[in-house]
Amino acid sequence: MAIPQSFIQELLARADVVDIVGRYVQLKKGGANFMGLCPFHGEKSPSFSVSPSKQFYHCFGCGKNGNAISFLMEHGGMTFVEAVKDLAQQYGLQVPEDDVSPQERARAAQAREQQATLTSVLEKAGIAYIKHLRSSPRAVDYLKGRGLSGEIAKAFGLGYAPEGWRALASVFPDYNDALLVESGLVITGEPGEENAQGEAKRYDRFRDRIMFPIRNVKGECIGFGGRVLGDEKPKYLNSPETPVFSKGRELYGLFEARTALREHGYALVTEGYMDVVALAQLGFANAVATLGTACTADHVQKLFRFTDSVVFSFDGDSAGRRAARKALDAALPFATDVRTVKFLFLPQEHDPDSYIREHGQEAFAAYVAKAVPLSKFMLEAAGEGCDLDTAEGRAHMASNARPLWSLLPDGTLKRQLLAEIADQVLIDSRELLQIWQPAVTGYKNNSSQRPPGKGQRQKTPETSGAAPHFEDFSGNFADLHDEGAYAASLPALAGPASTSRSRPARRIAGRVLPASREDRVLRLMLTDPQSWDKLSSEEHVLLCELPAPHGPLFVWLESQLHEHGPQPWAALREGLREHPHEKHAIDQIAQLPEGIECDWDEVRSILDQLLKLKRQQEMVDLLPQVMADPSARRRYEELSALLKTS
C-alpha cells in the first residue's frame, strides 16, 4: 500500500521521538537534548542523543540517526509500513487505505483485532507458566542442572506447563473458549471422542514441559516451544501454525537478541531453544534458533534486517550437513557483496550449548571465527560426490553448481565464484557462462573477460574531480540538505549512462553540469528493484535521507520491497499513484533511452561518492565538539579512518 506523504508528516508531527525512544532506552536530560546508552552498539558512556526540538536521534559512536519511524524500523526490525502502522496505533491514528475496498478494509481490521486477541491469550498463558515454574522444584532443578540462572530464565520468560490434562482450566474461566484452540494452547478431540455430555474432549497441548515463549519482533508472545524434562518423545513440541505464528517465518530469541546482534556484528543461528538461552548466558546473546524446521528465505531476510552478517551453526553429522545445505539454498539469493554468510560445523558429539560449557567462551569464539564462508561451502556442496580427476566428475560438478550460482544476486561475489567454478572444472569462465546462458538470462558480465585471479584487483570506473580527503580539504562542504548544492557537489562519472537524457543540462555560475547522480541511482532501483538488496544498511539510510524528491521515493521503494518483494516497473507505477513525487519518478523512466540499461558499476561509484560526502559533512559537524566530547572525538577518528580506506 502507498501511504500518503501528508499522513507520514502528520504522524511525525504528533509523535514524540523522546517518548518513543524512551520506551527502550533510559534517557537523561543533558542540556537541550536527552542522552542515553546507544541501543544499536555496546558502549559504557552515553553517546546517544535525542533532540526534542528537532525530533531526531543521533549516536556519536556508531552514527545511527533518524526519526521515530526509522527508530522503530532499526530497533524493532519492522518494515517501513509496519513501523508507520505501529506508530499510528500508538497515537490513535488510522493509516489511510483509500486504495482498499471496504470489504478488504473490514477484513484487515478483523485480522488486526484477531491478532491482538490471540497474543493477549498467549501472554496470559505465559504468565501462568512462569508462576507454575516457581512452584515446581523439579522444573527448577532441571534448569539449574542445565546451568541456567534465574536471571536468564527471567529474561527469556521461561515457564513450566504442569502435569495434568487441563491445567489451563484454572487460568481461563471458560475452558471451552474457541480462542484457546485457535491460539494452539488447547487440542480438541477427534469426532467420536465426545464426553458424557456430548461435548468434544479438550486437553492442554503442553503438559509437563519447560516452556519457551516465542515472541515476534515487537515483543508480543505468538507461540510456545515446550521441552520435556526427561528423554520422552517428542523432545520438543512447538505451537501449531496459527493466524499469529508461522514457524517458517519466526526465529526464537530474535526479539531478545536485537541489541546484541548489533554489538557482536553478526547473528548466530542455532537449532534449539536451549542453545539460544545457554549461549545468551555465556556471552553470546546474539544467538537465535529456527523452530524445528529448516532455515527458509523468510528467516534469512528477517535476519538481514538486523545485521549484515549471519553464521549458521550445525552439528557435524550428516543431518547437520543436510540442514546446512538447506540454509545455503535459502541464503544464496541474499548473499550480496555487502553481506557475509558463514557455516559453522561443530564436532559430532557437541551442540553449541555443550561445546561452550566444555571448552569455554574463548574457544567457542575462535571456532566461530573459523566458520566456512558461503563461497567455500557452495563449492564444496557443488563438488560433493564428484571425481574432479575425471572429465565426467568435473562436468557433474558444473551441473551441480549451475542452479546454486544462478541464485546469487549479480555482483562481484557472483563473478568471482564463476571464475572459481571454472577453475575447478578446467574450463574458461566465458565458455562456462555460455553453456549456462539459458539459466542466467539477464546476468551482465560487463568486462566480457574472465574475473581477475587472486592478488589482482578489478578496475572500477574512473571518476573526475573526486572528492579530496577530508584532512586535505580547506574549504567548506556543500550543504548536504540543499537539493541543488547536494547534487552539484558530485563529480562527473565516465560511462555510457552519463550521456543519458535524464533532464535538461543544468547551469550553475556558467558551468554546465551533468544529469543528477541521484536520478541515475533512482532509475536503476525502479527498473531493477532487486538491486536494493545489494546495498548495505548504511547506504539504505543514506538514500532514504536524501532531500526530496529522491529521499521520499527511496523510502517508498523500500516499503514496497518489504511489503510485496521485487516488482516490475508496471506494478510500481500503479503503487506510485498519488505519491507526492509520482511525476518525478515517471519522468525518469520515460526519459530512459530505448534499449539502454542502467550501469550498476556506475551506480556503485555514485553511492561510494555519496557516502564519502556524507561522512565528510559529519566530520565538519563534529569539529566543534571534538575537543570537549570523547565520544564525538572517537566518531571523528572513525570517520577519518573510513575515508582513508575508501
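Helices (H or I, at least four residues) and strands (E, at least two) are taken as DSSP runs and numbered from the N terminus. On this basis the secondary structure of the protein comes to 26 helices and 18 strands. The structure is a predicted model, in which local features need pLDDT of at least 70 and side-chain atom pairs count only at pLDDT 80 or more, whereas totals for chains, interfaces and linings use all residues. Residues are numbered from 1 along each chain as its sequence is written, and side-chain values use heavy atoms, with hydrogens and water left out.

Burial was assigned from relative accessible area (buried under 20%, exposed over 50%, partly exposed in between; 1.4 Å probe, protein chains only). Of the 646 residues in the protein, 49% are buried. The accessible surface, computed by the Shrake-Rupley method with a 1.4 Å probe and, for residues, with only the protein chains shown as cover, comes to about 30600 Å². Carbon and sulfur atoms account for 51% of this surface. Contacts were defined as heavy atoms within 4.5 Å. Among contacts between residues at least 6 apart in sequence, 65% join residues at least 24 apart.

An open sheet is formed by five strands in the order E1-E2-E3-E4-E5, with antiparallel pairing; two strands pair if DSSP finds at least two bridges between them. Strand E1 (28–30) and strand E5 (65–66) each have a single partner strand and stand at the edges, so one side of each is left without a neighbour in the sheet. Within the sheet, strand E2 (residues 33–36) pairs with strand E3 (residues 48–51) over three bridges, in the antiparallel sense. Phe34 has Val50 of E3 as its bridge partner. Helix H3 (residues 68–76) lies across E3, strand E4 (56–59) and E5, and runs at about 45 degrees to E4; axes are lines fitted to C-alpha atoms, for helices over the stretch in contact, and angles run from 0 to 180 degrees between N-to-C directions.

A pair of aromatic rings is described by the distance of the centres and the angle of the planes. Rings of Phe, Tyr and Trp (its six-membered ring) were paired if their centres lie within 6.5 Å, with planes under 30 degrees apart counted as stacked, over 60 as edge-to-face and the rest as tilted. The whole structure holds 25 aromatic pairs. One of them is the stacked pair of Phe312 and Phe343, with 5.5 Å centre to centre and 25 degrees between the planes. Because Phe312 lies in strand E14 (residues 309–315) and Phe343 in strand E15, this pair ties together parts that are 31 residues apart in sequence. Phe312 is buried, with a relative accessible area of 1%, and Phe343 is buried at 0%. Elsewhere, ring pairs link Tyr24, Phe40, Phe48, Phe56, Tyr57 and Phe71 into a cluster.

Helix H15 (residues 374–383) is mostly covered, with seven of its ten residues buried. These are Leu374, Phe377, Met378, Leu379, Ala381, Ala382 and Gly383. Their cover includes helix H12 (318–331), strand E15 (340–346), strand E16 (372–373), helix H16 (391–407) and helix H17 (412–424). Just after H15, Gly385 takes a positive phi of about 80 degrees. Tyr355, in helix H13 (residues 352–359), is buried at 8% relative accessibility. Beyond its neighbours within four places in sequence, Tyr355 is in contact with residues including Leu346, Pro347, His350 and Tyr367.

Several loops carry particular backbone features. Lys233 and Pro234 are joined by a cis peptide bond with omega of about -5 degrees, and Pro234 is placed in the loop between strand E10 (221–228) and strand E11 (236–238). The peptide bond from Ala548 to Pro549 is likewise cis, with omega near 10 degrees; Pro549 lies in the loop between helix H21 (537–544) and helix H22 (550–564). Asp208, although not a glycine, has a positive phi of about 55 degrees. Asp208 lies in the loop between strand E8 (202–204) and strand E9 (209–215) and is buried, at 13% relative accessibility. Leu426 has a positive phi near 60 degrees and is found in the loop between H17 and helix H18 (429–436). Leu426 is exposed, with a relative accessible area of 64%.
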